[in-house]
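Dear colleague,

I am passing on the structure below, together with some notes on what was found in it. Please read the notes with the structure open beside them.

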Amino acid sequence: MIADSFGRVHDYLRISLTDNCNFRCFYCMPEEDYDFTPASRLMQTDEIVQLAKIFVEQGVKKIRLTGGEPLVRKDAANIIAQLGKLPVELVITTNGTRIAEMLPTLIEAGIKTINISLDTLQPEKFFMITRRDLFHQIRSNIELLLQHKITVKINMVVMKGLNDNEIKDFILWTKHNPIQIRFIEFMPFSGNKWTSNKMFSLQEILAVIANDFTVLPVEGSPNDTAKSFMIPGHEGSFAIISTMTAPFCSTCNRMRLTADGKLKNCLFSDGETDLLTALRNNQEVLPLIKASIWSKKKELGGQLQTHFEKLDADAIHNRSMITIGG
Ligand code: SAM
Ligand code: SF4
């Protein structure tokens with residue numbers, strides 16, 4: 001079992017397969033020129049599987065693959081196939097571009113839920129956010145997943161003045177489609193030029209939706225990071241990830257392994273533990289994992305406060321989101 005000093009048992013591992021991506025979402029990548037980590041410094045397939053097995057032996061029940069864009073990694077199919085053999089729930093967060101060609105691999109590995117990031121339903125705005133003209137490809141890949149009865153969750157980062165006016169359109173999408181929209185509060189990471197006035201909060205999101213719809217809360221699972229809701233008569237549902245205004249730290253069970261093999265005990269931790277170098281030097285990895293999680297701070301990596309209006313994003317020591325793995 002892996003636990004921290006506050007008694008939180010950690011049984012959910014998020015593995016970043018790469019910090020490379022075929023999109024350029026401005027809120028995720030640093031604004032300055034960004035060099036992707038060379039392949040030799042990334043965990044190799046067998047190293048990912050070895051590390052994952054150590055976590056699974058310690059009670060990890062769920063693994064999420066993320067990135068960067070996990071499906072742009074050349075050997076992603078092999079990694080997914082190998083991790084699919086472990087006794088865990090395997091899930092993935094992706095920008096959705098490579099779903100069609102990867103679908104047989106994902107199904108074969110037993111993946112039943114896929115989170116797809118889509119911040120707008122307008123093709124021009126999609127291009128503005130991602131710098132890629134692939135909106136229609138993503139929409140058709142979402143349809144493909146639904147045809148194959150795979151559970152689809154849509155991650156939408158809500159940013160004031162950019163896409164907050166589309167919240168209602170996303171809710172209307174759930175009327176006849178069994179999808180869950182996950183509205184995410186915009187978070188500060190290294191180089192993403194976060195300011196509090198670009199944030200659209202849980203309360204603001206709920207107020208917009210409640211203006212037009214009857215919103216009923218749905219009881220979630222103990223470790224959920226999202227507050228879930230339903231609207232009577234809608235096939236789908238929605239949830240809000242309120243990391244900034246109402247964080248879920250008290251029930252956190254998450255650990256993050258970066259693509260270069262560093263363990264982060266919190267999305268906002270300023271420190272990290274190098275598991276890959278230890279593995280390559282034949283050192284014991286488990287004591288490093290246990291010590292890292294034991295030292296986890298009570299809330300938000302000890303760096304953020306929920307009075308986000310006063311937050312100085314430049315004072316936060318962290319990686320950019322693309323190098324952590326969201
Ligand atoms: N490339 C994949 C994708 O876009 O789904 C996986 C990696 S991405 C870093 C994981 C999630 O983090 C995405 O849903 C993305 O929208 C979210 N994300 C990135 N930067 C964020 C930020 N500054 N605030 C909130 N969510 C963010
Ligand atoms: Fe790439 Fe996902 Fe970040 Fe967009 S959010 S730049 S798709 S890793």
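**Ligand 1 and its surroundings**

In this predicted model, an oxygen atom of ligand 1 lies 2.5 Å from an N or O atom in the side chain of serine 117, where a polar contact is a pair of N or O atoms within 3.5 Å; within protein, one of the two must be able to donate a hydrogen and the other to accept it, and residues adjacent in sequence count only if both atoms are side-chain atoms. Taken alone, ligand 1 exposes 550 Å², and the protein buries 95% of that, the accessible areas coming from the Shrake-Rupley method with a 1.4 Å probe, with only the protein chains shown counting as cover in the case of residues. Strand 3 (89-94), strand 5 (151-158) and strand 6 (179-185) are the elements that give two or more residues to the shell around ligand 1; strands here are DSSP runs of E with at least two residues, helices are runs of H or I with at least four, and both are numbered from the N terminus.

There are 20 residues around ligand 1, of which Tyr27, Gly68, Ser117, Asn155 and Met187 come nearest, a residue being near a molecule or strand if one of its heavy atoms lies within 4 Å of it. A polar backbone atom of glycine 68 is 3.0 Å from a nitrogen atom of ligand 1, and a polar backbone atom of methionine 187 is 2.9 Å from a nitrogen atom of the ligand.

As to conventions, residues are numbered from 1 along each chain as its sequence is written, while chains are lettered from A and ligands numbered from 1 in the order in which they are written. Because the model is predicted, local features need pLDDT of at least 70 and side-chain atom pairs count only at pLDDT 80 or more, whereas totals for chains, interfaces and linings use all residues; side-chain values use heavy atoms, with hydrogens and water left out.

**The annotated cysteines**

An unreviewed UniProt entry places the feature "binding site" at Cys249, Cys252 and Cys266; UniProt positions are given in the numbering used here, with feature names shortened, and annotations may be inferred rather than shown by experiment.

Cysteine 249 sits in the loop between strand 9 (237-241) and strand 10 (254-257), and cysteine 266 in the loop between strand 11 (262-264) and strand 12 (273-274). Cysteine 249 is buried, with a relative accessible area of 13%, where buried means under 20%, exposed over 50% and partly exposed in between (1.4 Å probe, protein chains only). Cysteine 266 is likewise buried, at 13%.

The structure holds zero disulfides, a disulfide being a pair of cysteine sulfur atoms within 2.5 Å. For cysteine 249, the nearest cysteine sulfur is that of cysteine 266, 6.2 Å away.

**Other annotated positions**

The "binding site" feature of the unreviewed UniProt entry also lists residues including Lys153 and Met255. Lysine 153 lies in strand 5 and counts as partly exposed at 25% relative accessibility. Methionine 255, found in strand 10, is buried with a relative accessible area of 0%.

With kind regards
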